[in-house]
Amino acid sequence: MNKHLFEEARKLYPKKTGKRGFEKEWKEFTKLVEYRGKYDAIMPLLKPAIEKQIAYREECARKHEWCRPWKDFCRWMKGGWWTEEIPQTNSPKPNRCVICSNTDVSSMVDGKGWLCWRNECKTEYAKL
Ligand SMILES: [Zn+2]
């Protein structure tokens, strides 16, 4: 059963490059001492976690937000990434100018938000 769930997750995992066949990936994963004896708990979590992370990345793409690309499947497994409901790999959101949304911000006023270097933004910012 666990092997079956592992294989389902492996097939679903969207990053194709770096992904090896079932036998190799399974062998690699079962070498990891820290997860031994926990497969009954881990395997049912894989597919839902991948589905959530796919949905999350689609949302990122839709919003044109930066999203860290998928790791290789074996690294994802090694790192225990099925425990992340939403990938925690994203860097913090950059500060953006409230006028033009560029990230080359220089200053902020509490309540007004960040401001970039552009003179036209400074002019608009003063009116806020
Ligand atoms: Zn600006």
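Five helices and two strands make up the secondary structure of the protein chain, where helices are DSSP runs of H or I with at least four residues and strands are runs of E with at least two, numbered from the N terminus. Their order along the sequence is α-α-α-α-β-β-α. The chain is more spread out than a compact globule, because its radius of gyration of 21 Å is well over the 14 Å that the globule rule gives for 128 residues; the radius is taken over C-alpha atoms, and the rule is 2.2 Å times the number of residues to the power 0.38. This is a predicted model, in which local features need pLDDT of at least 70 and side-chain atom pairs count only at pLDDT 80 or more, while totals for chains, interfaces and linings use all residues. Residues are numbered from 1 along each chain as its sequence is written.

The C-alpha trace spans about 65 × 25 × 20 Å along its principal axes. An automatic or database assignment sets the domain bounds, giving domain 1 (2–83) and domain 2 (94–128), whose C-alpha centres are separated by 40 Å. Of the 128 residues, 16% are buried, that is, with 20 or more other C-beta atoms, placed from the backbone, within 10 Å of their own.

Helix H1 (residues 2–12) packs against helix H2 (residues 22–30) at an angle of about 115°, with 11 Å between the axes. The two are therefore roughly perpendicular, a term covering 65 to 115 degrees. Lys3, Phe6, Glu7 and Arg10 of H1 make the contact with Phe22, Glu25 and Trp26 of H2, contact meaning C-beta atoms, placed from the backbone, within 7 Å.

Key:
Buried ≥ 20, exposed ≤ 12 C-beta atoms within 10 Å, placed from the backbone. Axes fitted to C-alpha atoms, helices over the stretch in contact; angles between N-to-C directions. Parallel < 35°, antiparallel > 145°, perpendicular 65-115°, else oblique. Contact = placed C-beta atoms within 7 Å.
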